[in-house]
Amino acid sequence: MAGLELVLLLLAISAGLRIIADHLEIPYAAVLVVGGLVLAFIPNLPRVTLAPDALFLIFIPPLLYWGAASFPLRDFRRELGPILRLAVLMVLVSTVAVAWVAHSLDPAFTWAAAFTLGAIVSPPDPVAVLSLLRSPTLRAPRPIESILEGEGLLNDATALVLYRFAVAAAVTGTFSAWRATGQFFIAALGGLVIGIAVGFVILRVHSLTKSVPVAENTVSLLTPYAAYLPADLIGASGVIAVVAAAMYISRNVQSVGGPETRLQNQSMWAVVTFLLESLVFILVGLELPSVTRALTDYSPSVIFREATLVCLCAIVVRILWILPSTYVGRLIGGWLRKERVELPSWRWILFVGWAGLRGGDSLVIALALPLTTAAGASFPARAQIVFITFFVIFVTLVLQGPTLAPLARRLGLQADVSADEEEAHARLSAAEAGLHVLDTPSFSASPYPEVVRYLRQRHRQRARRWAAREEQRQAHPPNEARHDELIAAPSHQAGVLDEGRAKEYRRIRAAMISAEQESILDLRDRDVIGDDIMRRIQRDLDLELILLDSREPVVEPTSEVIAQSAER
């Protein structure tokens, strides 16, 4: 079987692995690691090779972009101190520690190669961690989720800048610490400026393409490359440019995009990231046999000893660093702001220290290592770097990952309800805003007052439901004065009643939609209607099904509205 056909087949198998991972409630990345390892033991599989630069360009910008675009900017600002300590200082410390261990263990690791390995295995992967934190068996407090997600957003930027410098030193054989430090800050600043500039331009393009969802989502798909390539061309950090562009665009794009575009965009990026993450582990599974053949000069015990010690170093250094740095960093921050700071629980800190799971990003940059140096020699310790990277990912994802839930229970960590409270408050505010629109003269004097009554009743039901769910209403005093005016019945009792109505509506309407779908399929099968008409009606029914699954079902007029209409 040729390489391309094999990759396509394995991508199809990856979809099955995703189903298994969701069914077993384990991180998909962990299943992919095991799948890649199994793939490596299958004999006579073709080796699929991509140029290192092409590999880096294909995978890194889109994966970084969607991660940055999905991260809430408010949480980033709120947890900026811990995020920077982990994403920048922690990566620097871990890179140095891993480099020292690797260089001490094996003379094949020149300092440049050792620092390259350190930059590859130091940054944890937020995708694997968050898939665990948001599973039914483990829900951590929201600040922990925000810190780990924010760390994953920036640690790749730090690690990739270090990686570039280390690889350049290994390829050219020269390195200057002072020059590298200056280039680091210049590259970071340049990437930030280019990213924001590209984001500004892309928003203008979105405003021109918003009437054509396919064109707008094509622009979205190309945006990470539009930010990365010009930054990389002038020597700035393409990684930081991608992150900056993503956060700038995600903050402002809602005002220029259409609803159909937004629905397509989320689905498109979910598929793109799934395919890219799957493809990474497929490629490493096909690469591992050649890597192990390149390690024939080493006995298995030696290479596994090196991999084990590097893995332990990466895990232990994170735990040892995070405990003192958290308290010292917060105390210094409070002293600078001249305010008293609340120190986090040691249980939170220990959990964050243990949650440093590595993932697909590390594999991408390991596979993207150059094959040779500028002198034509093989890149130093390249096979060891790829093998050790896969080993570290396997240990942290497959062995360390399943311990997070028991550790959280042991430490007494529980999910807070702040996100649910915020959602209840926001939905209540939205319903109130809609009710105020109905009181304006242009709508209150409508020639069809029964429509206004229906909408008023539906939104009052909605407001009562969410008022009943808003457990800490005093946290949002600006809206309190309006609740009594707009919500006619006691919030809790009416909320319970309307919640029951919503559930019953979901049940009945879902059965109706199923029957409607069967009806149009039968008409299509009997050639009464064409496939195009069937798809058009099916799309409308699918959209209504999506609304049924949402937390705001569209409930039909109640008996109160019907009675009011009959009185007319």
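**Exercise 1. Where is the place of Asp527, and is Asp527 buried or exposed?**

A word on the model before we start: it is predicted, so local features need pLDDT of at least 70 and side-chain atom pairs count only at pLDDT 80 or more, while totals for chains, interfaces and linings use all residues. Residues are numbered from 1 along each chain as its sequence is written, and side-chain values use heavy atoms, with hydrogens and water left out.

*Step 1.* Find the loop between α22 (491-525) and α23 (531-549); Asp527 sits there. Helices here are DSSP runs of H or I with at least four residues, strands are runs of E with at least two, and both are numbered from the N terminus.

*Step 2.* Check the cover. Asp527 counts as exposed because its relative accessibility is 68%; the cut-offs are under 20% relative accessible area for buried, over 50% for exposed and partly exposed in between, with a 1.4 Å probe and protein chains only.

*Step 3.* Look at the backbone. Most residues other than glycine have a negative phi. Asp527 has a positive one, about 60°, although it is not a glycine.

**Exercise 2. Do the backbone and cover check for Ala381.**

*Step 1.* Phi of Ala381 is near 60°, again a positive value in a residue other than glycine.

*Step 2.* Ala381 lies in the loop between α15 (360-367) and α16 (382-400).

*Step 3.* With a relative accessible area of 10%, Ala381 is buried.

**Exercise 3. Describe how α8 and α14 pack.**

*Step 1.* Two packed helices are described by the angle between their axes and the distance between the axes. For α8 (residues 142-172) and α14 (residues 346-354), that's an angle of about 35° and axes 11 Å apart. Axes are lines fitted to C-alpha atoms, for helices over the stretch in contact, and angles run from 0 to 180 degrees between N-to-C directions.

*Step 2.* Pick out who touches whom, with contact meaning heavy atoms within 4.5 Å. From α8 come Pro143, Ile144 and Leu148; from α14, Trp348, Phe351 and Val352.

**Exercise 4. Sum up the chain.**

*Step 1.* Count the elements: 24 helices and two strands.

*Step 2.* Of the 568 residues, 47% count as buried.
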